[in-house]
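Biologist: I am new to this structure. Please show it, and then I will ask about the terms used for it.

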Amino acid sequence: MGRIDQETVNRILDAADIVEVVSDFVKLRRSGANYKGLCPFHNERTPSFSVNKSRNICKCFSCGKGGSPVNFIMEHEQMSYQEALRYLARKYNIEVVEKEQTDEERQQQNDREAMLAVNEFALNHFRHNLLETPDGRDIALAYFRHRGLNDAMIERFRLGYSLDRSTALLDAARDGGYNEKYLLETGLAGKSEREGRTSLYDRFRGRVMFPILSISGRVVGFGGRTMRSDKTIAKYVNSPESLIYKKNLELYGLFQAKSAIAKRDKVILVEGYLDVISMHQAGVENVVASSGTSLTEGQIRALRRFTENVTLIYDADAAGIKASLRGINMLLAEKLNVKVLLLPPGDDPDSFAQSHSSSEVEQYLAENERDIIAFMTEVLMKDIPANDPTARAKVVNVILQSVAHVDEAVKRQEYISQCSRMLGIAEEVLVNQLNVLITGRYVEDEKNQRREEARKSIEGIEKEESARTAPAAEAPLLNLDANKLKPFEEMLARYLVRYGLLSIPMKGDDDKCALVPVFDVISSQLDIDNIGFTYAPYAAVYAAVKEMRNNEWPAEHARRMAEIEGEAEALLEQAREEIRQKGGSMEQLARLESEAQQRREVYIRASIDEFDMKWVQTRLVNSPDDAVRTTAVELMVDRYTLSKIYTKQGVSTEQDQLPTLVPRAIIELRNAIVADIITDLTRRLATEGASDPEKAMEIITQIGEYKEFQRRLAEILGDRIILPRQK
């Protein structure tokens, strides 16, 4: 199945009506300009789920879920972006045209489908072995029974058995007409070379089988546990990386757990296959495992589709925590809320679930979860002698390294306060050290990004995602990225989402007024100061609008303008015919003609403005990029009402005020940046300048220059006159 071409995507996005889509799942009633209903994503008695038909988005003001028609289907039906588009295409009877594939792409697609077919055949073969053969029943089924698994779980997780014969699967596959090439590429078969002869063998022979399913339920790989007691044989063998199986993207049990994760808004991460299955059997179904690999960014992003809350279950020793630090830090960096659960000594999730009732497991989970930073602090400091400052400092650095991966300033400050109480160290000291670690993190991230870009350049790989990647930002201080810059960046990002390609009247260097897209106003000013968005989701929105501005939008704008001008010309001719029929003096006819011409211009301007606004909004809230889509929806939702400005012409709307509001938002961002620079220089004056008078004078001069710049900005910001847009 290929990718849907962009023209078809646009037709789907234009046709999908949020009220019609949501009404298939939620009973809606009209409430003013909007519609309301009970949220389908969490249990509630009072409707908090709002559907805005004019903006074509929905939003639950309790749990926060919603979005465009595409996003709603992705969330509700647990579909991928492409699957949601196909769902909507079927609903609106839109023929799906797939992007024309090259011969190489077509071959790859054929290979992929063939490998999935071989895996599905193997799964059914292993299931038959388990349930229908004497060895399967006596060895594998007996093992599952011994581990406490019931028939429902064996069926739910599609467990099986690979016979302890060298070519049992190979022979069955050959008889079924399957190509040996795909048995090798999926890792179901291995190849051996002996005395110049090549032979194939079953990779998983003599093992109980755990199929690994993709999020859509396709079999992409297998894990096999040996039934032999021979210590020289690996206990577990997994499918190798292949065209269809990427270990860094798959989580064991996610297909079975995704609905429970979304419903409970939490996922529990464990280590092994049987841990997952036993927890599901105990009634705790929001459980997955990383399939024997260290947690990866791809796996974390897969989880973020369903929840932002993660609970880790592992042993309560310092060595276990240190081994998990990379995964913990990645979870924190992805803005997930991380907790940890300690089971009673000697228990793992499998044994604990087997020895307790469903209600006991649920109760233990609810009562014993702990925040990850507090847990790390307690466990890592437990065995450090109070009189060993070097060891204590190392542990403090380990903890702060994790806190440095938290981008939300409020949460980070809470962690600092918590660590200060637990460690007995002043908050100021922790903040200073944290700033050093944050700076180091950003520097390292920038280095890694440059290395990756260099690697791609050498290999000649150009991906679309790189065009949307924002340039690396300067490393912010602790109180900079959210407390100071984010609110100002948010206002600019909001204007980009709502009005990004709307043209507004702006004066140029020659003092003449011209219509300029809002994006151009913002981008030109950011380029002058060589600044960008430091908050990654806003940077992603900016990059998405930039790509539209430079590629698809100009042609779409010109096409729609031609249509509107044709419509306006028809309206003008109709008005002229009415004037001719009405008659009158030459002066009256001239006045009526002038009024008709004015109505024509107003119609053209209003129609193209509406098109430009809706066009960018529709594509942002339906973007395949998760960060762009979710951020755009947030910025589209009215969280506050703009004060109305009354003028001689009447009430001035936010759209009318954009020629003043957009430049003002840019100046406010500049002012926030300058204020932080002054704060940083003042701090440097107290440290670097204390012992170096020459350095002190240099810093004092810089502070004076920035304060003068700040004064001029304050004068501009103090001018609160709002000029309504002239129409």
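This is a predicted model: local features need pLDDT of at least 70, side-chain atom pairs count only at pLDDT 80 or more; totals for chains, interfaces and linings use all residues.

Biologist: Which residues of H15 are buried, and what puts them on the same side?

Modeller: Val361, Tyr364 and Leu365 are the buried ones in H15, residues 358–368. They cover an arc of only 100° around the axis, so they lie on the same side of H15. The arc is taken from the directions from the helix axis to the C-beta atoms. Helices are DSSP runs (H or I, at least four residues), as are strands (E, at least two), numbered from the N terminus.

Biologist: Why is cysteine 39 called buried?

Modeller: Buried means under 20% relative accessible area, exposed over 50%, and partly exposed in between (1.4 Å probe, protein chains only). Cysteine 39 has 6% relative accessibility, so cysteine 39 counts as buried.

Biologist: What makes the pair of phenylalanine 352 and tyrosine 364 tilted?

Modeller: Rings of Phe, Tyr and Trp (its six-membered ring) pair if their centres lie within 6.5 Å; planes under 30 degrees apart count as stacked, over 60 as edge-to-face and the rest as tilted. Here the centres are 5.0 Å apart with 50° between the planes, so the pair is tilted. Phenylalanine 352 lies in helix H14 and tyrosine 364 in H15, so the pair ties together parts 12 residues apart in sequence.

Notes: Residues are numbered from 1 along each chain as its sequence is written. Side-chain values use heavy atoms; hydrogens and water are left out.
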